[in-house]
Amino acid sequence: MTIRLITVLRAGLTRLRRSTTRWWEWCPPEITAAGMADFWLPAQPATATSPDAPIEERHGHPVRRIPPPEDPMTQTTEEAARLSLKDLPDDRIFDAITLHSGGGELLRVEYMPVSLDGGALVARLEFSDGSRAVLKAARRGGRAGEQMQREIWARTHGISVPGPPLLWAGTVDQFHMLLTRYVNDFYRNSPSLTSGSPDLPAVLDGLAAFENRRTADSVPGGAPLFEEDLVPVVQDAYSVLDTLPDLDRDVWMSALHRVDFHAVAGTTLLHGALVPRHLLVAPGNPLVIADWAGAAYGRAWADLVPFGVHLVCAGWLPDAAEELLQRTFPCWRQAPHGAVTGLIAAWTLHQALLASHTPPTALQSAGLAWVSHRLRPV
Ligand SMILES: Nc1ncnc2c1ncn2[C@@H]1O[C@H](COP(=O)(O)OP(=O)(O)O)[C@@H](O)[C@H]1O
Ligand SMILES: [Mg+2]
């Protein structure tokens, strides 16, 4: 294992030396509305916020907290003790936000639930002209800041991604910021991946369309590499093993031994967390994928692992989930069997660590069912 980790780090360093500007040094080009036409969605009518949500004042704007959806991986900004709007150097930031979102007066701000491994501030803004936007912001340095920088890189480095339409990305003072057009209310109620769900065809079509357009001839200089990101994920996964029942531990262990850092290296832009809460679907509209903070270059099939675990979690039997993935995604047909099994284990156990204060999640049981299925003698 240690030898493998060293090998991948060496491989990563070789790639690093070849590159000039790394993603964390990236300065986004000026964002213009023209380049965003691809994934623009018509603005949807504002929905009423729960009248029970507490209201606060921030910079003279009423602020309401949106209750988190029923997802063990999300929490309110308050619980996360994260950045709030009052921490931002308001004048310049609010001027920029108003300018880039169309010029309407900012009327209302609502904090959105954030994920346990997410960025810092995520807030929905409402303007007097009826338009709505989502502001993500994080302080420079630190993990949240790095994630924001990576998301800014992913949204501006050249490959068009089906993310929420981008209005503005930049750094002011100590803060990285990303402003996107508000897409819809799906963060309240993530799409259902159950068999027969009306959301599922839109999700599968959107992901399949994205697969066809995100592979480059070579990895752009300075891009984050999936195999490098995988190193701490695998370390975390091993650290969770001790907390598991003996029987389960043996299965997870033999799956983790199959992790293959070379097999996941590739020239496809990966999202890194294709999970329901990031998949914004609305009838008649193309799929929009939120949160590019974990984007990296790697092999296309690797992106489907979190999605596959969520399929099993939604009730698909492992072989039916695999059959669905094979039918829908050409890259899945070429995925090396052992490396997939290893990645399922690493990703699922890493999630377990993030959610360590909650009881073992349904996600963990789904991951275990899937790896057990793949490890069975044939
Ligand atoms: N532009 C947007 N329009 C609608 N919903 C969004 C938009 N951006 C993010 N969301 C929702 O807000 C949630 C939190 O945003 P995300 O970018 O994932 O932040 P983090 O994971 O850092 O908390 C997402 O899971 C998604 O459901
Ligand atoms: Mg997220």
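The mean pLDDT of the protein is 80, with 74% of its residues at 70 or more. Among the elements, the highest mean pLDDT, 98, belongs to helix α9 (residues 318–328), and the lowest, 44, to helix α2 (residues 77–80). Two stretches have pLDDT under 50 throughout. One of them covers residues 8–19, for which the model has twelve contacts beyond four places in sequence. Another covers residues 75–81, with 16 contacts beyond four places in sequence. Where pLDDT is low, the predicted coordinates should not be read in detail.

The crossing of α8 past α9 is right-handed. On the α8 side, the residues that meet α9 are L304, G308, L311 and V312, and their partners in α9 are P318, A321, L324 and L325. Of the residues in this contact, seven are nonpolar, one is polar and none is charged.

W332 lies in helix α10 (residues 330–333). This residue has 19 C-beta neighbours inside 10 Å, whereas a buried residue needs 20 or more, so W332 counts as partly exposed. Beyond its neighbours within four places in sequence, W332 is in contact with W301, L304, L325 and Q326. L304 and L325 also take part in the contact between α8 and α9. The C-alpha atoms of W332 and A302 are 8.7 Å apart, although the two residues are 30 apart in sequence.

Key
Residues numbered from 1 in each chain as written. Chains lettered and ligands numbered in written order. Predicted model: local features only at pLDDT ≥ 70, side-chain atom pairs only at ≥ 80, totals over all residues. pLDDT = per-residue confidence, 0-100. Helix = DSSP H or I, 4+ residues; strand = E, 2+ residues; numbered from the N terminus. Contact = placed C-beta atoms within 7 Å. Left-handed = near helix turned anticlockwise from the far one by under 90°. Nonpolar A, V, L, I, M, F, W, Y, C, P; charged D, E, K, R; others polar. Buried ≥ 20, exposed ≤ 12 C-beta atoms within 10 Å, placed from the backbone.
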